[in-house]
Amino acid sequence: MTDRLYLTQPALEADTEVLSCTPLEDGRYAVHLAATPFHPQGGGQPSDVGWLGEVEVTKVVSEGDEIIHYTSAAVAAGPIRARVDAQPRQLHARLHSGGHVIGYVMAQLGWRATKAHHWPGEGRVVGVGAPDAGVQELEAAEIERRCNALIADDLACALSSEGGRRQVGFGALPAYPCGGTHVASLGEIGRIAIQSVRVKKGEASIRYDVVI
């Protein structure tokens, strides 16, 4: 089982150990580490990229309890320094936290977020109306205004655990189960731009991006 350091630690670098390095037919190598700061692709978020020593990590995936790091060259078994590329990680964190903010605003308007996609250029939050919450019309300008008002409060990210599952919240806002990476506080998101709102058969799809 790979120790997933990114779930509890914001550090982008860690000393770890290479357990195995397997050559693949496409010329890449599949590397297993004892512990990793790399977030794998999944949960609506792309994988981190970076380096193991001086070898490039091009993609990271999760397979059961193990995380596989695909590298451009072989790495030797034993101690190694793992480094996550900070720029794409920060963008992914801004997009993921932005998706949570949209979910909070949807709840204010009587909607419940059910799934989300936080990839660059493809940000989307999907939800359904919650009749007992007083469903209101979703308007792009009003969603954007409310989102950026929350961001202006610069609430700090708060991690907790419930029933063995990691929970992510901001300030006193509700925490939700989440395995993704997030900004340290909402101000790091910059600004949320709502690109479109589409409602069909009681399901809403909100497309968004984050901008500085």
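**A buried glutamine and the salt bridges of the model**

Gln167 counts as buried, at 7% relative accessibility, where buried means under 20% relative accessible area, exposed means over 50% and partly exposed lies in between (1.4 Å probe, protein chains only). The structure is a predicted model, in which local features need pLDDT of at least 70 and side-chain atom pairs count only at pLDDT 80 or more, while totals for chains, interfaces and linings use all residues. Residues are numbered from 1 along each chain as its sequence is written, and side-chain values use heavy atoms, with hydrogens and water left out.

Gln167 sits in strand β12 (residues 165-170). Strands (E, at least two residues) and helices (H or I, at least four) are DSSP runs, numbered from the N terminus. With residues up to four places away in sequence not counted, Gln167 touches Ala158, Leu159, Ser160, Ser161 and Glu162, and also Ala175, Tyr176 and Pro177. Contact here means heavy atoms within 4.5 Å.

Attention now turns to charged pairs. A salt bridge is defined as a side-chain nitrogen of Lys or Arg within 4 Å of a carboxyl oxygen of Asp or Glu, and by this rule the count comes to eight. One of them pairs Arg81 with Glu13, whose closest N and O atoms are 3.2 Å apart. This pair links distant parts of the chain, as Arg81 belongs to strand β8 (residues 78-84) and Glu13 to strand β2 (residues 13-23), 68 residues apart. Arg81 is partly exposed, having a relative accessible area of 35%, and Glu13 is partly exposed too, at 42%.

Another salt bridge joins Asp26 to Arg28, with 2.8 Å between the closest N and O atoms. The relative accessible area of Asp26 is 49%, so this residue is partly exposed; Arg28, at 29%, is likewise partly exposed.

Glu142 counts as partly exposed at 25% relative accessibility, and Arg146 is partly exposed with a relative accessible area of 23%. Elsewhere, salt bridges that share partners bring Glu13, Asp15 and Arg81 together in one network.
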